[in-house]
Amino acid sequence: MKITDQYGVLFLICMGGVFLSHLCPFPMPSGISSMVVLFCLLAAKALTLESLQGVSDFLLENMALFFVPPGVGILAHMERLRGSLLPLIAICIVSTLLTFAAAAAAVAATQKAMTAWKKR
Amino acid sequence: MNALNALKAALETPFFGIAITVLSFGVGRLIGRRVRSPLANAYVISTVFIIAFLQIADIPLETYALGGDVMSLMLVPATAILATIVYRQRTLLAANLVPMIAGCLVGAATSLASIYFLCRFFGIDETIAVSLLPKSVTNPIAMELSTASGGIASLTVAAVVFTGMVGAVCAPLMLTLLKIKNPVAAGIAIGTSSHVLGTAKAIEIGETQGAASGIAVCLAGMSTVVLYMFL
């Protein structure tokens, strides 16, 4: 597909995602519902990875770029954060390491349980 | 005086915000390639530079946001495109579906619970706590969850990026320390705790680790959305 067509298709998929997120009875980020729509289209072979190559390479390589503007927006909240900066940093580090350990342990435990169950 | 007014008119367009963002990001990427430290990534360099520039040149945030808001339009398509990562790794996903889902769900729950209790322990105010809560998932998802629950989007973004850097720096050490040999467990742990920035590190560690980490970014995001329904 031409690059303009790729963007057109992706934006249509996003519209579909927003549509579904509004129908959803619980709060559903429109990014997630759009992701599900795209995955289903790929799985149904309505789209191929190659046909979206240009737009997917561009977005995946430059993902962080689109978060610069929201990041700069932190300027408006500096006053409020100044006092609690150190605890916030500590919270981020501790919870990241805990999450890491818990996820690894859960994968290992599930795999062990599954092999044990298969052997029976 | 006329020239000053003309300059002001030029700043009061979306072009200014877009140009400074894209160009400082490009410079940041060049520096990041030279320095090769997760702390010197393009995102951090570009964000810090723009904040400093706006402060020094005394340009209001609203002027920058004219262009910034245009760029934020791409957040939903950028999340949607993550589906291609999962689809590309569908054989690995199918072979390890249950352990992967279990790892991401448990990881996401641990992240939410640990942030909640740590915030209470430190007496962090409600708005800030709500902004931190989704910080282990990838930015577009975290931002939407944060704003939907009354958080400050920009604080969430900062916490997400910081978390990613912590994960990327600590991942090799944690793998040795916890004696994790299984590449799927390693990838899921990295992707669940530190999203896309961690995944970049996981790809360096190994192919399976990188692929599993990419899947975990999506699965952990979805798990967190599901867990938010019960909050």
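Author: Helix H6 (85-119) of chain A and helix H11 (153-177) of chain B each supply at least two residues of the lining of the second largest cavity. Helices here are DSSP runs (H or I, at least four residues) numbered from the N terminus. This is a predicted model, in which local features need pLDDT of at least 70 and side-chain atom pairs count only at pLDDT 80 or more. Residues are numbered from 1 along each chain, and chains are lettered from A in the order in which they are written.

Reader: What is a cavity, and how many of 30 Å³ or more are counted?

Author: On a 1 Å grid over the protein atoms alone, a cavity is a set of points where a 1.4 Å probe fits but cannot get out; lining residues have an atom within 4 Å of a point. The count comes to two.

Reader: Which helix gives the largest share of the lining of the second largest cavity?

Author: H11(B) does, with five residues. The volume of this cavity is about 30 Å³.

Reader: Which residues line the largest cavity?

Author: Among them are Ser111(B), Leu133(B), Ser136(B) and Thr192(B). H8(B) gives the most, three residues, and the space is about 60 Å³.

Reader: Is Ser136(B) buried or exposed?

Author: Buried means under 20% relative accessible area (1.4 Å probe, protein chains only). Ser136(B) is buried because its relative accessible area is 4%.

Reader: Which side chain joins that of Ser136(B) in a polar contact?

Author: A polar contact is a pair of N or O atoms within 3.5 Å, one able to donate a hydrogen and the other to accept it. The partner is Ser111(B), at 3.4 Å.

Note on methods. Side-chain values use heavy atoms; hydrogens and water are left out. Buried means under 20% relative accessible area, exposed over 50%, partly exposed in between (1.4 Å probe, protein chains only). On a 1 Å grid over the protein atoms alone, a cavity is a set of points where a 1.4 Å probe fits but cannot get out, and a pocket is an open set with protein on both sides within 12 Å along at least five of seven lines; lining residues have an atom within 4 Å of a point. Grid points are joined across faces, edges and corners, and a volume is the space filled by probe spheres set on the points.
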